[in-house]
Amino acid sequence: MPQTLGGVRRRLMLLLVLAGFGQAVCVVGFALLVHGAAYRITHGEEVGAGHDRSALYTHVAGYAPTTLAVGLATSACATVLLKAAGEPLAERLAQSYVHSVRMRLFDHVAGSEAGGPFRRTVGVTVLRFTGDASALRLWISKGVAPILVDGVFVTCALVVLAVIAPGIGALSAALILLAAAALALFGRRLRERVRETRRHNGKLAAFVNERVTHTAVMQSLGRVAQERQVMRRRSREYGRAMVRQARLTGAMSATAEACGIGILLIVVTVGLVAGTTWEALASLLTVANFLGAPLSSLVRVQEYWQQSRVARRRIAEVLAAPAPLAKMRGAEPLAHGPGQLELQGLRVDGVLDASAVAWPGQRIVLQGPPSSGKSLLLRLIARLQEPDAGAVLLDGQDLARHDPESVRRVIRLASPELPLLRGSVDKNLRYGEPADAAEAAGEEHIEALADLLPDGLRTRVGENGHGLSMAVRYQVAMVRALRSGPRVLLLDDVRSEEALGSDLMERLLERYPGTVIYVTDEPKFAARADVLWRIDDGRLTVHERVRQASGLPE
């Protein structure tokens, strides 16, 4: 997890402390002016005659009424402005921290294997970026910031009360400590309530995410009524959990309110018993009255703290999972070369064992029984999955030791497992285009693709490619993979293009200068290969004469 302190966040926290101290100074000044104004009202003639002004409040009482009024208005406005300035400072602090958390999560997810054993579902991953990140934001903006601002303010106010009236200050401090002890006990119960609400919220979110994503499955199997009942039950369970949590937070807020009222009662009671003058009592009540809002704010800190604890644990679980595809520090980009690909003892335990060499410009067809590991091998070559042993070399360079971005620029995969993005066909093609790509990169294939689409490259694409046929989606994915001009092009599940009236695959096999490794059961495409790689029982074998090995006619 990123550090809360660091860089700009350290300065923001210092500014928040200064804002709290500034509010305390303004309130003390306001109370002093109230005391002086009250003294002037009761001792007007003595003040005018130059009566004893040794005490600070009697000195203040000697100011003109207009000066006192302006001073009261100024200190009040300054208090309000400092309070207003604290909110954006707190939010800047929170957003700075949450931004670093989100970027850490993004880098970790981007370096994780899409099909790896540690990868969370889409719904859970999104929840880490949104719900858990929001919990951390609230903790910083509504928890850490109030501790810095309101904590400093309350401490200074108690010191002022103790200086003016030691008995009142001591009793007020004791009451606040008692309330803090009660809130700590509430906090232990609140932790369980927060866990409960998160558990029900997680179940509800997972249910909604899956059913909304696969609505057609629910409709086709006639499960709408049954799933509605499940939705109703989980929604109510979550609602009841939130109500139970609200009861506890309500009791905590009531404790803070009682503490504020208790301080006012202490000031009045002790003041009356000790025979405090009414002008001194007015200044004490002013300070005590300003304590109410900060105390209520500090109470909510407990709630945000408990929520953030659970959120931090969940985010830490994601960050603790291996991210084998992340960029290593100091990793160099791949050097240029002809494009010779070599698989050295590439192994996924119990699934695949492969060693082979693909020479520059070769056409290699990859075949084997269903679920034999063909797609897995392509993912390993494209560095989308980490092998248990072995290495993939390109022009003698171990792909695992180089910058992943440069690797995926020179080795591109088109697969049904890599869906299109929502937007337009043109947007999807540009998504696979490097920033420094030549204007004419794949231009011939783009023009041929545009002729197949009703609105050309402006044709709309729905989520996961919806709105386009499976065949067209694959053609878009192929052209997208070509945009970087890769040295090695990997094509998974190549099918006939006759229904589209397209010869993209034929032209690609004939004219593309790089190495092409493709999975297909189509005889006419298999016949175009120079070499056959076949996977049987998890082992890759190489057949140099494709026609004889595949049983195709000469």
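Which residues does aspartate 395 touch, not counting those up to four places away in sequence? They are Gly337, Pro338, Gly339, Gln340 and Arg487, where touching means heavy atoms within 4.5 Å.

## What you're looking at

This is a predicted model, so local features need pLDDT of at least 70, side-chain atom pairs count only at pLDDT 80 or more, and totals for chains, interfaces and linings use all residues. Residues are numbered from 1 along each chain as its sequence is written, and side-chain values use heavy atoms, with hydrogens and water left out.

## The overall picture

The protein has 18 helices and 12 strands; these are DSSP runs numbered from the N terminus, with helices being H or I of at least four residues and strands being E of at least two. Its radius of gyration, taken over C-alpha atoms, is 35 Å, well over the 24 Å that the globule rule gives for 554 residues, so the protein is more spread out than a compact globule. (That rule is 2.2 Å times the number of residues to the power 0.38.) Along the principal axes, the C-alpha trace spans about 125 × 50 × 45 Å.

Of the 554 residues, 44% are buried, meaning under 20% relative accessible area; exposed is over 50% and partly exposed is in between, with a 1.4 Å probe and protein chains only.

## Two helices side by side

Helix α1 (residues 8–42) and helix α4 (residues 65–110) have axes that come within 8 Å and cross at roughly 160 degrees. Axes here are lines fitted to C-alpha atoms over the stretch in contact, and angles run from 0 to 180 degrees between N-to-C directions. That crossing makes α1 roughly antiparallel to α4, a label for angles over 145 degrees. The residues of this contact divide into 22 nonpolar, eight polar and four charged.

## Back to aspartate 395

Aspartate 395 sits in the loop between β4 (389–394) and β5 (397–398). It is partly exposed, with a relative accessible area of 23%. Asparagine 289 is 106 residues away along the chain, and the C-alpha atoms of the two are separated by 76 Å.

## Two positive phi values

Most residues other than glycine have a negative phi. Arginine 383, in the loop between α11 (374–381) and β4, has a positive phi near 60 degrees. This arginine is buried, with a relative accessible area of 10%.

Aspartate 537 also has a positive phi, near 55 degrees, and belongs to the loop between β11 (531–536) and β12 (539–543). Aspartate 537 is exposed, with a relative accessible area of 83%.

Terms used: Parallel < 35°, antiparallel > 145°, perpendicular 65-115°, else oblique. Nonpolar A, V, L, I, M, F, W, Y, C, P; charged D, E, K, R; others polar.
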